[in-house]
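Me: I would like to go through this structure term by term. Please show it, and then say what each term rests on.

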Amino acid sequence: MLLLTLGTAAGGGVPQWNCACPGCTGARAHPDRRRSHDSLAVLGQDPSSWFLVNAGPDITDHLEAHPRLRPGAGEERTPVIRVLLTDAELDHTLGLLRLREARNVEIYATAPVRRALRERLALDTVLTPYTTLTWRNLPPPGQSPAVIAGIEVCAVPLSTKRPRYAADAPEDDSWVTAARLHDPGRGGTALYAPALAGWTAEFGKEAAAADCVFIDGTFWDDQEPRRLGISTRTATAMGHLPIDGPAGTAEHLAPLSARCLYTHLNNTNPLVDPLAPHHGVLAGRGLEVAQDGMVIEL
Ligand code: MLT
Ligand code: MN
Ligand code: ZN
């Protein structure tokens, strides 16, 4: 399979419209530092069939930017679009509204995520006059996987963190998941986890077995959101394990054989500056920072 990183920023993007922090200011001065909301396109064996993992507010700009994701000359308009969701956060789901020109939008998600989108965001009510929504279950590992574009997909449960608009909804460990993508033809496996609240044994097992891991790179260190004044909470309390520190993700990822790439970078993260010394720290541990528009073949 081919993985195409469409965007690599956390909610708000880099720069964020109402922010003048060093990361946002730097991205205004250097357009190559701009990052759009994180999303991935997955292309299976047949290059005409593909699907998305998460659909943020930039999604139709992403689709237009990549020739392989546009309808070919003489082709019908893209009739069906398939979207796998790792959670119900607005930065991963607002793009569903922008996909309404498709005849059919197929959404693969866990039960609590489907409920949030249908009952809280009223997506059926809003979108049914424009398109047909087809809701499909995303099973956990161990059950028979869903198959999209020839790729076997499942959702590794990660945390009970609910979006703010559904903060009072029932707890469930599949509110936030990692998408596991397995190509049965070529044998490659990728894990896509843009929000990781804690390093669980199950996630560790899945990461150790994967060839490629995309992981939460929201914050460099645990105090970053407090130090930069965007929250009174630590990164961990916000549901994002930091990269650095004794319990950080770098410590867990460094020993793995998988290619590991950080995504979902917040504009406060020093890594949004390509000249920051933090890049050298990661490179020394064999870890990478994803960029918008990377192509990875597995
Ligand atoms: C998150 O990644 O924690 C959320 O997307 C934050 C938010 O926008 O509420
Ligand atoms: Mn987010
Ligand atoms: Zn900023």
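Reply: Start with burial: buried means under 20% relative accessible area, exposed over 50%, and partly exposed in between, with a 1.4 Å probe and protein chains only. By that rule, 54% of the 298 residues of the chain count as buried. This is a predicted model, in which local features need pLDDT of at least 70 and side-chain atom pairs pLDDT 80 or more, while totals for chains, interfaces and linings use all residues. Residues are numbered from 1 along each chain as written, chains are lettered from A and ligands numbered from 1 in the order written, and side-chain values use heavy atoms, without hydrogens and water.

Me: How do you know whether the radius of gyration of the chain agrees with that of a compact globule?

Reply: The radius is taken over C-alpha atoms, and the globule rule is 2.2 Å times the number of residues to the power 0.38. For 298 residues the rule gives a value near 19 Å; the chain has 18 Å, so the two agree. The C-alpha atoms fill a box of roughly 50 × 45 × 40 Å along the principal axes.

Me: What makes a stretch count among the helices and strands in the chain?

Reply: Both are DSSP runs, numbered from the N terminus: helices are H or I with at least four residues, strands are E with at least two. The chain has ten helices and 14 strands.

Me: Which residues are the protein donors of the zinc ion (ligand 3)?

Reply: Cys-19, Cys-21 and Cys-24, each through SG, at 2.2 to 2.3 Å from the zinc ion. Their spacing in sequence is C-x1-C-x2-C. Cys-21 and Cys-24 are both buried.

Me: What do the buried residues of H5 pack against?

Reply: In helix H5 (residues 111-120), the buried residues are Pro-112, Val-113, Arg-114, Ala-116 and Leu-117. With contact meaning heavy atoms within 4.5 Å, these residues pack against H3, helix H4 (95-98), strand E5 (104-109), helix H6 (123-127) and strand E6 (132-137).

Terms used. Donors are N, O and S atoms within 2.8 Å of the metal (3.2 Å for Na, K and Ca); water is not among the atoms, so sites may look incomplete.
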